[in-house]
Amino acid sequence: MCGRFAFHAPRELVAELFAVDAPAVAPRWNIAPSSRIAALRVGADGRRELAALHWGLVPSWAKDRAIGARLVNARAETLAEKPAFRSAFRHRRCLVLADGYYEWRVVAGGKQPYYVHAASGRPFAMAALWERWQDPAGEVLESCVIVTRPAAGIVSAIHERMPALIAAPDYVAWLDPANHDRAALEALLGGPPAVELAAHPVSRRVNRPANEGAELTAPVAAEA
């Protein structure tokens, strides 16, 4: 799963890696559900844009936005069938940008948080879907959900699930709203991780969403 992540890359690096005119984004090291997060998508003009989306998908048919609290992650295996995700999977795919994410490993003393990041130290792209919802008063909410897959590589020793990462050469195929090749899209979500990952245990201070700062990603001694 992915329930917390960090994104603090400078705008110049984001522009270089993701080919987008990136606005300045405040650095954050403990992003939790219900936050506004940076998502790369294709805009109405056909160009890439970096949008601020609510993390927690609210389908267009939802009666109220409360459903978003339960739709933070979406399993890659069922995107095409689940009513909450199938339309977005076909038409509204995006990439949530991150420098790393947190996962919790069950240990004797409870759960030990780990920080998982690219071995290169560069930000990466997590597969996601987005939706547009309008309340009875006419207010529009754009929201998103992060796609997860079975864990692979080093992550499998920490948790059974992980975010589905998209490799740079596949950004165009994933983001293209005219791409309806289900088999090809699903193939992008499986196989070996698209990015070489590294991980280390971090302080349990990350458990509280109110805690922020680069020190949250600092290595600590792992508990048994």
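This is a predicted model: local features need pLDDT of at least 70, side-chain atom pairs count only at pLDDT 80 or more; totals for chains, interfaces and linings use all residues.
One joins glutamate 212 to arginine 28 through their side chains, with an N to O distance of 3.8 Å. This pair links distant parts of the chain, since glutamate 212 belongs to the segment after β12 (197–201) and arginine 28 to strand β2, 184 residues apart. Glutamate 212 is partly exposed at 30% relative accessibility, and arginine 28 is likewise classed as partly exposed, at 28%.

Another salt bridge pairs arginine 182 with glutamate 81, whose closest N and O atoms are 2.5 Å apart. Here too, distant parts of the chain are linked: arginine 182 is in helix α4 (residues 182–188), while glutamate 81 sits in the loop between β5 (73–75) and α2 (86–91), 101 residues apart. Both partners are partly exposed, with relative accessibilities of 40% for arginine 182 and 39% for glutamate 81.

A buried setting is found for arginine 92 and glutamate 131. Their side chains meet in a salt bridge at 2.9 Å, N to O. Because arginine 92 lies in the loop between α2 and β6 (93–98) and glutamate 131 in strand β9 (residues 124–134), the pair ties together parts that are 39 residues apart in sequence. Elsewhere, salt bridges that share partners bring Arg41, Glu49, Arg132 and Glu142 into one network.

Turning to the cysteines, the structure holds 0 disulfides. For cysteine 2, the nearest cysteine sulfur is that of cysteine 144, 10 Å away. Cysteine 2 is buried, its relative accessible area being 0%.

Finally, the backbone deserves a brief look. Alanine 19 is not a glycine, yet its phi is positive, at about 50°. This alanine is placed in the loop between α1 (11–18) and β2 (28–31), and alanine 19 is exposed, with a relative accessible area of 54%. Serine 34, again not a glycine, has a positive phi of about 80°. The loop between β2 and β3 (36–42) is where serine 34 is found.

Notes
Residues are numbered from 1 along each chain as its sequence is written. Side-chain values use heavy atoms; hydrogens and water are left out. Helices (H or I, at least four residues) and strands (E, at least two) are DSSP runs, numbered from the N terminus. Buried means under 20% relative accessible area, exposed over 50%, partly exposed in between (1.4 Å probe, protein chains only). A disulfide is a pair of cysteine sulfur atoms within 2.5 Å. A salt bridge is a side-chain nitrogen of Lys or Arg within 4 Å of a carboxyl oxygen of Asp or Glu.
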